[in-house]
Amino acid sequence: LEAKSFVFKQIKRYQLCQRLFIDRRLSEKLFLIELGAILIRKKSHSLVLSTEIMALSKEIDYYAKLSNRCLDQLYGYGEEKDHTSFGWKSNCTSVAAALHYISERQTQNQTVDVEAASSAVHEGWGKAAKTEWDERKYGTRLSTKLSDNGTFDPAAFGTESGLTKYQTRLKLAKTRYSSLSEEDKEKDRAVVEVILMDLETNEKTHKDYANLRVNRIDNAIRDTVLLKMA
């Protein structure tokens, strides 16, 4: 009983950390440190916890790579190999948000709505857009100061063009998914659909989906899942 109580408490803490990570209130580094701390708090139970807890960071990494490869095939973005870049970090928060939504629906035995999951992807990307510095587009960060609303202070930007790019990205991040252009929605849907196809291929999900267009899962998405990380 004592062991079950401990495991329950640690899993609840793990779920809180997952939520904070998705909301960008917990950095990836601190998130992994906290998971490690959860595992070593009581060694006799660490084996019970390790599979569920440590799988999360691996799952996010796996699906970030998979969705990145899919988007590269669809839109020619190029595969992101720098895990310190904005592209990688925003991909991780997008995937984490999608997985969180899918997991909740599956746990409740409810339909997975692709549009709702895509909205979660956009929200995850938006949080990264607000809080993650993109050196490739903004240049070197000149100040660590933040504005009252948590966005980067204009003084952090060395050029007007860098600030303009950030403001453009912020505007998109603040736009509700329902108000996005179809082109932007399609990118979010592709992330969700490649995740669902992979889960289905590995028989980790039921096939109760809403708004999943079969014709949307085109050769690029299919090939991504079949090739995986080869």
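This is a predicted model: local features need pLDDT of at least 70, side-chain atom pairs count only at pLDDT 80 or more; totals for chains, interfaces and linings use all residues.
Two residues are in contact when they have heavy atoms within 4.5 Å of each other. With that in hand, take serine 67: leaving aside neighbours within four places in sequence, serine 67 is in contact with Asn91, Val95, Val191 and Val194. We will come back to this residue after a look at the whole chain.

Residues are numbered from 1 along each chain as its sequence is written, and side-chain values use heavy atoms, with hydrogens and water left out.

The pLDDT is the predictor's confidence in each residue, on a scale from 0 to 100. For this protein the mean pLDDT is 76, and 63% of the residues reach 70 or more. Over residues 38-53 the pLDDT is below 50, and this stretch has 29 contacts in the model beyond near neighbours in sequence.

Now for the overall layout. The protein has 9 helices and 2 strands, where helices (H or I, at least four residues) and strands (E, at least two) are DSSP runs numbered from the N terminus. Read from the N terminus, the order is α-α-α-α-β-α-α-α-α-β-α. Of the 230 residues, 44% are buried; buried means under 20% relative accessible area, exposed means over 50%, and partly exposed lies in between (1.4 Å probe, protein chains only). Among contacts between residues at least 6 apart in sequence, 66% join residues at least 24 apart.

Back to serine 67, which sits in helix H3 (residues 43-75). Its relative accessibility is 0%, so serine 67 counts as buried. Its side chain makes a polar contact with the side chain of asparagine 91 at 3.1 Å. A polar contact is a pair of N or O atoms within 3.5 Å; within protein, one must be able to donate a hydrogen and the other to accept it, and residues adjacent in sequence count only if both atoms are side-chain atoms. A polar atom of the serine 67 side chain also lies 3.2 Å from the backbone oxygen of alanine 64.

Next comes helix H4 (residues 86-107), whose 22 residues should span 32 Å at 1.5 Å a residue; the end C-alpha atoms are 31 Å apart, which agrees. The expected span is 1.5 Å times one less than the number of residues. In H4, 16 of the 22 residues are buried, so this helix is largely enclosed by the rest of the structure. Asparagine 109 counts as exposed, because its relative accessibility is 62%.

How do H5 and H8 meet? Helix H5 (residues 114-131) and helix H8 (residues 182-201) pack at an angle of about 115°, with their axes 8 Å apart. Residues making this contact include Val114 and Val121 of H5, and Val191 and Leu196 of H8.

Finally, visit tryptophan 133, in the loop between H5 and helix H6 (135-138). Tryptophan 133 is buried, with a relative accessible area of 14%. Not counting residues up to four places away in sequence, its contacts include Phe86, Phe152 and Phe157. The tryptophan 133 side chain reaches the backbone oxygen of glycine 139 at 2.8 Å.

How values were computed. Axes are lines fitted to C-alpha atoms, for helices over the stretch in contact, and angles run from 0 to 180 degrees between N-to-C directions.
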